[in-house]
Amino acid sequence: MADSIATPRLRLLPLTPSLLRAVASGDLAQVERQLSARVGKGWEQGVPAKLRLEQLAADASEQPWLVRAMVASTPRRVVGCVGFHAPPDDDGRVEIGYDIVASERRKGYAREGTRALLDWAWATGRVRTCVASVSPHNAPSLALIHSFGFRHVGEQIDEIDGLELVFERRLPLAP
């Protein structure tokens with residue numbers, strides 16, 4: 001797949017409208033067929049399928065910036081998702097989001113996928129700053145964000161998740 005991002009253990013594959021429709025309708029067998037990978041239990045709960053379908057219906061060119069399946073190589077399986085909430089704004093800012101299947105956590109997939117996506121975003125020449133919004137109770141995600149050098153810049157109330165701490169990180173990441 002031309003738009004995939006590769007890491008040593010993962011392929012980050014864009015969730016196209018047909019994949020997002022399958023997720024939204026609960027047809028995980030179709031997702032597995034299209035990705036040629038087993039889908040981890042509960043993966044679909046971390047995919048904002050309906051919201052991303054609305055975005056793509058309004059502007060299909062946003063596809064590379066939105067949610068991607070994190071497909072592990074051996075054995076081939078979907079371990080999570082990672083992506084930006086939207087393309088970069090006029091100031092070169094993007095907000096990242098990620099979710100790892102519960103059975104696949106603590107294996108470094110969030111770190112590997114986030115690093116690859118941030119490197120890809122920097123390489124486009126369109127991104128200067130990444131934003132991450134994290135629940136103050138999500139210790140693993142807070143640790144990940146801190147390890148990348150994000151700094152706390154504020155708080156916000158998310159309609160679904162409640163209080164979130166807002167972090168920013170200038171790009172590029174150090175090697």
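**Notes on the predicted model**

1. Pro172 is located in the segment that follows strand E9, and the peptide bond joining Leu171 to Pro172 is cis, with omega about 10 degrees. The structure discussed here is a predicted model, and the points below should be read with that in mind.

2. Another cis peptide bond runs from Thr74 to Pro75, where omega is near -15 degrees; Pro75 itself sits in the loop between E4 and E5.

3. Ser36, although not a glycine, has a positive phi of about 50 degrees, and its place is the loop between helix H2 (28–35) and strand E3 (38–39). Arg106, likewise a residue other than glycine, has a positive phi near 70 degrees and belongs to the loop between E6 and H4. With a relative accessible area of 78%, Arg106 counts as exposed, because the cut-off for that class is over 50%.

4. The largest nonpolar core contains 31 residues, and those with the most contacts inside it are Met70, Phe84, Ile96, Leu118 and Phe150. Among the elements that give two or more residues to this core are strands E4 (68–72), E5 (77–84) and E6 (93–100), together with helix H5 (139–147), while the largest share, six residues, is supplied by H4. A second, separate core has 22 residues, including Leu35, Val47, Ala49 and Leu53. As background, nonpolar side chains in soluble globular proteins tend to be buried together.

5. Phe84 can be followed through its contacts: leaving out residues up to four places away in sequence, Phe84 touches, among others, Trp65, Leu66, Val67, Ile96, Leu117, Leu118 and Cys130, and its partners also include the charged residues Arg52 and Glu95.

6. Thr114 is part of helix H4 (residues 109–123), and at 1% relative accessibility Thr114 is classed as buried, since the limit is under 20%. Apart from neighbours within four places in sequence, Thr114 is in contact with Val82, Ile96, Tyr98, Leu144 and Phe148.

7. Helices H1 (residues 17–25) and H3 (residues 49–58) have axes that come within 9 Å and cross at roughly 150 degrees; angles over 145 degrees count as roughly antiparallel, and H1 and H3 are therefore described in that way. Their crossing is left-handed. On the H1 side the contact is made by Pro17, Leu20, Arg21, Val23 and Ala24, and on the H3 side by Ala49, Lys50, Arg52, Leu53 and Leu56. Sorted by class, this contact comprises seven nonpolar and three charged residues, with no polar ones.

How values were computed: Residues numbered from 1 in each chain as written. Predicted model: local features only at pLDDT ≥ 70, side-chain atom pairs only at ≥ 80, totals over all residues. Heavy atoms only, no water. Helix = DSSP H or I, 4+ residues; strand = E, 2+ residues; numbered from the N terminus. Buried < 20%, exposed > 50% of the residue type's maximum accessible area, 1.4 Å probe, protein only. Contact = heavy atoms within 4.5 Å. Axes fitted to C-alpha atoms, helices over the stretch in contact; angles between N-to-C directions. Parallel < 35°, antiparallel > 145°, perpendicular 65-115°, else oblique. Left-handed = near helix turned anticlockwise from the far one by under 90°. Core = buried A, V, L, I, M, F, W, Y, C linked by side-chain atoms within 4.5 Å.
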